[in-house]
Amino acid sequence: MQIYWTKINKIIEETPEVKTYLLDCPEDYTWEEGAHIHLALEGFNAGDKPNRSLIRHMSISTLPHENSIGITTRIREQCSEFKAILRNLEVGNEVAIFKTHSNVPLKRENKNVYLLSSGVGLATFRPLVLDYFERADNVNQIHSLNIDSSKDFLFTNIFKSAPDKKFTSQFVDNRKDYYEEVKNLAADKDGLFYVVGSDEFLVQNIEVLREQGIKPEQIRLDKHERQLPEFLSFELSN
């Protein structure tokens, strides 16, 4: 496994609690939309075993042609050791990256695509939307629905409805409105539904979608293939 040490070249304060860290791209480093990466902080491999508290699985919120690896994350006042260290890093500091993999590339199957996310989960979808804007081949249209109770909605310059591009974007700040809207979207029995958020959020969305008759193979999760059965193989209760 190759570990790349790379520098932070810019830090963007997206909202009071959310930052994007832009990292220099190592030479020949590439990825596809919907990818995630392992981000590790200094000292993670100093001992006999990797210090897992200094490693996190993060979505990449940029595309390769943007020439930076973007990591967008929420850092609350009370946070983990990892986030506390990350919060204090500055431009020029080094971090390690390794193991890039994409679980949710944009499927081009001539269907409507629905992007369902919670909070900073929208960062996973930013590259999918940009990729779609650049090349809309074999995608009928995209609808993004994001719930963020903080009301500090992310990436509103990209996530804004553009009828000419067949793209609609919705933000809601409460669960009731969110799940009502998910039910409305699930009226499309042929659509593809991408879901990104906490495990609890995934489970709730899958239950709502399945109850509306959406099949497991229409639901795309940012999970490794071996984890998918945990989420998608449950039986619907009568």
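Okay, ground rules. Residues count from 1 along each chain as its sequence is written, and side-chain values use heavy atoms, without hydrogens or water. Since we're on a prediction, local features need pLDDT of at least 70 and side-chain atom pairs count only at pLDDT 80 or more, while totals for chains, interfaces and linings use all residues.

Phe 82, Lys 83 and Leu 86 are buried in α1, meaning under 20% relative accessible area with a 1.4 Å probe, protein chains only. Those three sit on the same side of α1, because they cover an arc of only 90° around the axis, taken from the directions from the helix axis to the C-beta atoms. Their cover includes β2 (18-24), β3 (35-40), β4 (55-59) and β5 (68-74).

Now the strands, which pair if DSSP finds at least two bridges between them. β1 (residues 4-13) runs antiparallel to β6 (residues 94-102), with four bridges, and Lys 7 is opposite Glu 94 there. β1 also runs antiparallel to β2, through five bridges, and Ile 12 partners Thr 20.

So what about cores? I mean buried Ala, Val, Leu, Ile, Met, Phe, Trp, Tyr and Cys residues joined through side-chain atoms within 4.5 Å. The largest has 25 residues, with Leu 39 and Leu 86 among those with the most contacts inside it. A second, separate core of 23 residues includes Leu 115 and Tyr 194.

Conventions
Buried < 20%, exposed > 50% of the residue type's maximum accessible area, 1.4 Å probe, protein only. Helix = DSSP H or I, 4+ residues; strand = E, 2+ residues; numbered from the N terminus. Contact = heavy atoms within 4.5 Å.
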